[in-house]
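Thank you all for coming.

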Amino acid sequence: MTNQPYDAVVVGSGPNGLSAAIVLARAGLSVLVLEARSTFGGGVRSAELTLPGFVHDLGSAVHPLAAGSPFFKSLPLADHGLEYIYPPVAAAHPFDPSVGKTAAALFGAVDDTARTLGADEQTYRRLLEPVVRHWPTLAVDVLGPLRFPDHPLDMARFGLDAVLPATWLASRFKTTEARGLIAGMAAHSIQPLSNVTTAAIALVLMAAGHHRGWPVPKGGSQAITNALVSYFRSLGGHLETDRPVRSMNDLPKSRVVVFDLTPKQLLSIVGDRFPTLYRWQLERYRYGPGIFKIDWALDGPIPFTAPECRQAGTVHLGGTLEEITDAEQQTYDGKHPDRPYVLLAQQSLFDPTRAPAGKQAAWAYCHVPNGSTVDMTGIIERQVERFAPGFRDRILARATMNTAQVEAWNPNYVGGDINGGIIDVRQLFTRPTLSLTPYRTGAPGVFICSSATPPGGGVHGLCGYHAARVVLRDSFGKSVPVELTNE
């Protein structure tokens with residue numbers, strides 16, 4: 001442990017912690033990042049989990065928000081080794097043959113997607129074309145804290161659709177394909193699709209896909225972390241692994257501390273220093289459903305029936321809007337559906353560095369009640385087999401994690417909640433507390449920058465960016481040296 005004093009110490013090396021550290025270092029501050037684990041990255045790490053030569057993403061896998069992040073695009077990450085690979089199909093959504101068309105798909109262009117939706121072609125164009133057209137300016141407002149938007153008219157138009165329940169948004173469409181596509185996108189919110197604002201995640205993910213695609217980082221998601229770490233070091237930043245922080249006494253001397261942690265951990269470390277009201281609000285912070293995750297080593301590609309799925313980096317398995325809506329409601333109600341919504345990624349189809357020649361590595365999870373220890377392996381594999389007959393015959397090895405194991409791997413994922421807290425309407429604008437400056441904690445020199453702050457979960461670094469702006473203004477009297485752009 002170093003005794004050197006720093007201007008700022010960042011606790012946690014997830015994408016938000018590293019982003020905060022980069023902003024502070026670019027402002028000329030001395031910054032130290034402390035990571036409890038032996039590798040940097042938080043939820044953005046990769047490793048051989050199953051068999052030698054098979055590289056699996058331990059957490060996040062496909063990165064539309066990283067590729068389109070207004071903050072990441074302001075950084076020279078390509079110069080530090082980050083390379084994205086873009087599958088021909090961003091995301092595919094298969095159906096049982098009994099419903100007609102075998103799959104819906106999100107392509108890079110709005111026109112290409114719309115043309116596949118039959119009677120819903122024009123409805124899709126009317127919904128997505130304005131969002132995609134204005135996304136370069138909308139993204140800065142959408143992916144940030146609550147404030148008066150820079151482009152209020154564009155934001156108002158977006159908000160009228162985004163505030164809806166996903167089920168209402170889907171009801172504008174006639175075809176099973178379009179309705180299912182909306183449901184698969186909205187289910188990333190990990191909450192009932194009848195909740196208000198669930199349409200927002202569907203619109204954001206589709207707009208990001210049409211604007212920048214849904215890429216995978218070459219070599220694994222760890223490549224994003226490695227590029228951020230490399231760039232931070234080039235700015236003179238310092239990092240240490242194997243440095244858990246259990247109390248403020250574990251920290252070296254600094255003017256400020258920025259925590260890339262969610263409320264549960266923050267309370268255990270700093271709780272006695274917080275004002276009563278702030279502590280009371282953190283104690284009532286809510287976490288949402290968790291995940292059960294599987295990584296497979298496969299003896300060949302997943303044999304999806306639908307050709308669109310064989311060209312997609314991401315596949316949403318869940319069937320119709322009605323099926324996904326029912327499965328997500330059951331999960332929220334504390335049940336384990338027999339046919340859950342499964343989010344599957346097949347990165348090695350497009351990145352041969354992930355698996356030995358002729359083999360494949362695949363990644364999937366389904367939603368489960370927070371804290372569940374039910375083994376969902378058989379249920380997930382049956383759901384894959386439903387759309388890819390013969391899949392189980394190609395499994396060479398698997399690695400699984402229930403919610404307790406997910407949280408043990410990354411303590412920010414409390415009860416398996418990978419969003420760092422449910423993002424429903426009650427917490428959309430109160431992450432982690434009701435405040436116009438949610439990155440302050442009320443304790444002098446202590447700030448929070450995790451996914452429990454706006455704009456929430458996802459690999460985009462924007463929680464860290466916005467937190468660092470507040471740190472610079474409050475504690476150092478400086479303005480941010482990196483302005484956002486989404487051009």
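Predicted model: local features only at pLDDT ≥ 70, side-chain atom pairs only at ≥ 80, totals over all residues.

Strand β1 (residues 6-11) and strand β2 (residues 31-34) pair in the parallel sense over four bridges, where pairing requires that DSSP finds at least two bridges between the strands, and within that pairing V10 stands opposite V33 in β2. β1 is also joined to strand β10 (residues 254-259), again running parallel, by five bridges, and here V9 is the residue that stands opposite V257. Five of the six residues of β1 are buried, so that the strand is mostly covered; buried means under 20% relative accessible area, exposed means over 50%, and partly exposed is what lies in between, with a 1.4 Å probe and protein chains only.

Residues are numbered from 1 along each chain as its sequence is written, and side-chain values use heavy atoms, with hydrogens and water left out.

Which residues of the largest nonpolar core touch the most other members? In this core of 110 residues they are L24, F71, F72, Y124, M185, M206 and I224, a nonpolar core being a set of buried Ala, Val, Leu, Ile, Met, Phe, Trp, Tyr and Cys residues joined through side-chain atoms within 4.5 Å. Helix α4 (residues 121-142) supplies the largest share of this core, ten residues. There is also a second, separate core of 29 residues, which includes V89, A103, I379 and I395.

Let me turn to the aromatic residues. The structure holds eight aromatic pairs, counted when ring centres of Phe, Tyr and Trp (its six-membered ring) lie within 6.5 Å, with planes under 30 degrees apart called stacked, over 60 edge-to-face and the rest tilted. F71 and F72 form a tilted pair, 6.1 Å centre to centre with 45 degrees between the planes, and F71 and Y465 form another tilted pair, at 5.4 Å and 40 degrees. Because F71 lies in the loop between α2 (64-67) and β5 (84-85) while Y465 is in helix α16 (residues 462-476), this second pair ties together parts that are 394 residues apart in sequence. Ring pairs thus link F71, F72 and Y465 into a cluster; F71 is buried at a relative accessible area of 0%, and F72 is buried at 4%.

Next, helix α11 (residues 276-283), in which Y278, Q281 and L282 are buried. Seen down the helix axis, the buried residues fall within an arc of 100 degrees, so they line one face of α11; the arc is that of the directions from the axis to the C-beta atoms. T276 and L277, on the other side, are exposed.

What covers the buried residues of α11 includes α10 and β16, and α10 (residues 263-270) is where Q265 sits. Q265 is buried at 11% relative accessibility, and its side chain makes a polar contact with the side chain of N412 at 2.7 Å, meaning a pair of N or O atoms within 3.5 Å, where within protein one must be able to donate a hydrogen and the other to accept it, and residues adjacent in sequence count only if both atoms are side-chain atoms.

Note on methods. Helix = DSSP H or I, 4+ residues; strand = E, 2+ residues; numbered from the N terminus. Contact = heavy atoms within 4.5 Å.
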